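This briefing covers selected local features of the structure shown below.

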Amino acid sequence: MSRRHLLKAGMVGIGGLAGSQLTGCATGGKSNAESQQPKQAETEQYMPVPNSPQHVFHIQHTDLNPDGAKIVRGVTANGMLPAKEIRLKQGDQFRTRVDNGLSHQHTSIHWHGLLLPATMDGVPNVAHVPIEPNEVFVYEFPILQSGTYWYHSHSGFQEQLGFAGPFIIEASDETLVYDHDYVIFLGDWLHANPYTIFKDLQSGTLKAANKPRGQDLSDIQYNAFLLNGRANNDPWTCTAKPGDRIRFRIINGGTSTFFRFMIDGHPLTITHADGLAVRPVEVDHFLFGMGECYDALVTVRETGHFTIRAEAQDGSGQAIGVLHSPDVKPTADLSRPIWGPRRLTYSQLLSAEPTPLPEGPMSRFALDLTGDMSRYIWSMNNQVYPKADRLLVNQGDRVLVEMSNKTMMWHPMHLHGHFFRLIIPGVDPHFHPLKHTVSVPPKETLRFEFSADNPGKWFFHCHNLYHLDAGMAREFIYSV
Ligand SMILES: [Cu+2]
């Protein structure tokens, strides 16, 4: 095989170069003709060609109209809403090129829930360089885990404008048995510009005048809620025969919407939380925050059509889909959901495997989730990011974080680059579930702990994008 063929076969890099050098200086059995190859070959040996990317994302402004009511200038990867599903196998090497075709704004991709090197994590100016207009960036990292995840821009309000999509990793040792694997990617949609809305929130123009007393479930009035990028006028559908088992991978890709999820006439057997296996638990519905993911097994009960519902927590609307048998036309029932009695709680989530942390020095952080609704400032311990203390940890630490929500809103708190054990009192501590996002209800306190095993700078923040931009974020930084 000639060096040229080696290159074509993708055997490049150090091995390829070393081989070619050997050829150059000590070729025993080469014919004259081969040792006097034209100059082109000489040049090639100094030009290793990287493996081609599996995906190329052109980030662009795109006119979108998912609800058929108004054309909105969005931000997409390759013009798609949501961005295309990435599906890989555990153990793969992931490699994706991102071209920023936006005018005047940087972009980035955060791989939500993935364990990766900090520089690949995609938070501009934390451990990642923003991708400036007309620039190219290549994300590359090994896929160490399996499960249901997603990805989204971490720049400005691009996520709200459409730049987000599912990221699915099939396990190398899958034990679940099912006939269909369907992803349900939920989102919220605005006709107005989120940058303007954010300014109005900060200036008090949008202050919640008619908000009921007590809990405050939403700051933003959405025009539509989307299921796989589609609104109620043209819902997403899926088919399965009676008796078929479906694995639904349900991702809250909303920007500031908690969704309550159910499927008419069908209980949900929750098998995974935030990508990882839990002891199966059967429920009728669950509420989840932005950034949380659940997998649910569903066995189709009978011939017919069944509405899939994800209602915004404040009841202002729902994202709709239809599950139907092949012989029946899909028809959506747009009436309000009727919730069954069994609601998933965190105390029902037990990891399928024990989740002990390695021993290590304890490092504790008490973080109050704080805010000033009248000025639309969100913070932790009243410090507004980026003017906030850095959270310093040492590699090998056991890090305990206690979050006390002092506000009247829910906050889905997300840690980058790690899974944490969610500590639920009264639950067998050997099986505390691993999560990357946990929703803290108003006036409640939740604790989690993680092992500092992935050095770098890591973002920890509320996954309500408006709260994040208003300052509810911190950085965990490993000391060296
Ligand atoms: Cu929040």
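Phe 198 counts as buried because it has 21 C-beta neighbours inside 10 Å; the class requires 20 or more other C-beta atoms within 10 Å, whereas 12 or fewer means exposed and counts in between mean partly exposed, with C-beta atoms placed from the backbone. The model is predicted: local features need pLDDT of at least 70, side-chain atom pairs count only at pLDDT 80 or more, and totals for chains, interfaces and linings use all residues. Residues are numbered from 1 along each chain as its sequence is written.

**Surroundings of Phe 198**
- Phe 198 lies in helix H5 (residues 194–203); helices (H or I, at least four residues) and strands (E, at least two) are DSSP runs numbered from the N terminus.
- Setting aside residues up to four places away in sequence, Phe 198 touches Tyr 466 and Asp 469, where contact means C-beta atoms, placed from the backbone, within 7 Å.
- Phe 157 is 41 residues from Phe 198 along the chain, and their C-alpha atoms are separated by 9.4 Å.

**Nonpolar core**
- In the largest nonpolar core, of 115 residues, Ile 184, Leu 186 and Leu 227 touch the most other members; such a core is a set of buried Ala, Val, Leu, Ile, Met, Phe, Trp, Tyr and Cys residues joined through C-beta atoms within 7 Å.
- Strand E9 (residues 180–189) gives the most to this core, with five residues.

**Sheet**
- Six strands form an open sheet with mixed pairing, in the order E21-E20-E23-E28-E25-E26; strands pair if DSSP finds at least two bridges between them.
- Strands E23 (residues 398–405) and E28 (residues 445–451) pair in the antiparallel sense over seven bridges.

Definitions and conventions:
Contact = placed C-beta atoms within 7 Å.
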